Amino acid sequence: MRTQYPYDNLDWQEFERLVIELCHDLLGIAAKTFSDGKDGGLDSFFEGTAEKFPSSSNPWSGIFIIQAKHTTKPVASCSDRDFSNEVKKEIKKLSARQKERPFENYIIFTNRKLTAPQHDILVEKLKKELGILNVDIIGIEQLNGFLDKLPNLVQRFRLDQRTSALRFFPEDIKEVITTFHEYRKTLGKEVQHILP
């Protein structure tokens, strides 16, 4: 069983640093630190042949665009509307970049849950819209798998010492209120049978 690391306790800058350190291992030491883009977005890049990505026997090569998409919501998913909207914005931005400075590889790292069907849908969309063959999205499940093999990164970012803070989200509060309301109705009926 893979460890569940509390990425939501990292801030976005820490998550970006974690992604770059991971890219140093997967791609090579030349993976660049994130820098500001024209639109205020942060990208990283790597140029060359990857050491281990997607595998050491069949690595991608060329220019890589790397992005880190962090969220503080521990239950966030790549199926959420806000992530889909973010991907659409990236497609627009990267399509323009592709005309000026072509690239062959695109990888998004995110601490969101990513199902296989959603992965395939998003990857195919990105491939088609960007006109490239090498696209991947690394969700929380694969991120956990990478970090299980890199305990030094886990320790450096204190992911083994952090505990998730108790947080409530609107849907949690709604569920508590609804449950309490239903319980009151049931309890009210029971009390009426007891009273004379």
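**A walk through the model**

R81, K88, K125 and K128 together form a positive surface patch, where a patch is made of residues with over 30% relative accessible area and no salt bridge, like charges being joined within 9 Å and nonpolar side chains (Val, Leu, Ile, Met, Phe, Trp, Tyr) within 5 Å. A salt bridge here is a side-chain nitrogen of Lys or Arg within 4 Å of a carboxyl oxygen of Asp or Glu, and Lys and Arg are the residues counted as positive.

This is a predicted model, in which local features need pLDDT of at least 70 and side-chain atom pairs count only at pLDDT 80 or more, while totals for chains, interfaces and linings use all residues. Residues are numbered from 1 along each chain as its sequence is written, and side-chain values use heavy atoms, with hydrogens and water left out.

The patch draws at least two residues from each of α2 (81-100) and α3 (116-130), and K128 lies in helix α3. K128 is exposed, its relative accessible area being 70%, whereas C23, at 1%, is buried, and C78, at 0%, is buried too; buried means under 20% relative accessible area, exposed over 50%, and partly exposed in between (1.4 Å probe, protein chains only). Zero disulfides are found in the whole structure, a disulfide being a pair of cysteine sulfur atoms within 2.5 Å.

Turning to the whole protein chain, its secondary structure comprises six helices and five strands, which are DSSP runs (helices H or I, at least four residues; strands E, at least two) numbered from the N terminus. Of the 196 residues in the protein chain, 40% are buried.

Conventions. Areas by Shrake-Rupley, 256 points an atom, 1.4 Å probe, with all protein chains shown as cover. Charge placed at Lys NZ, Arg CZ, Asp CG, Glu CD.
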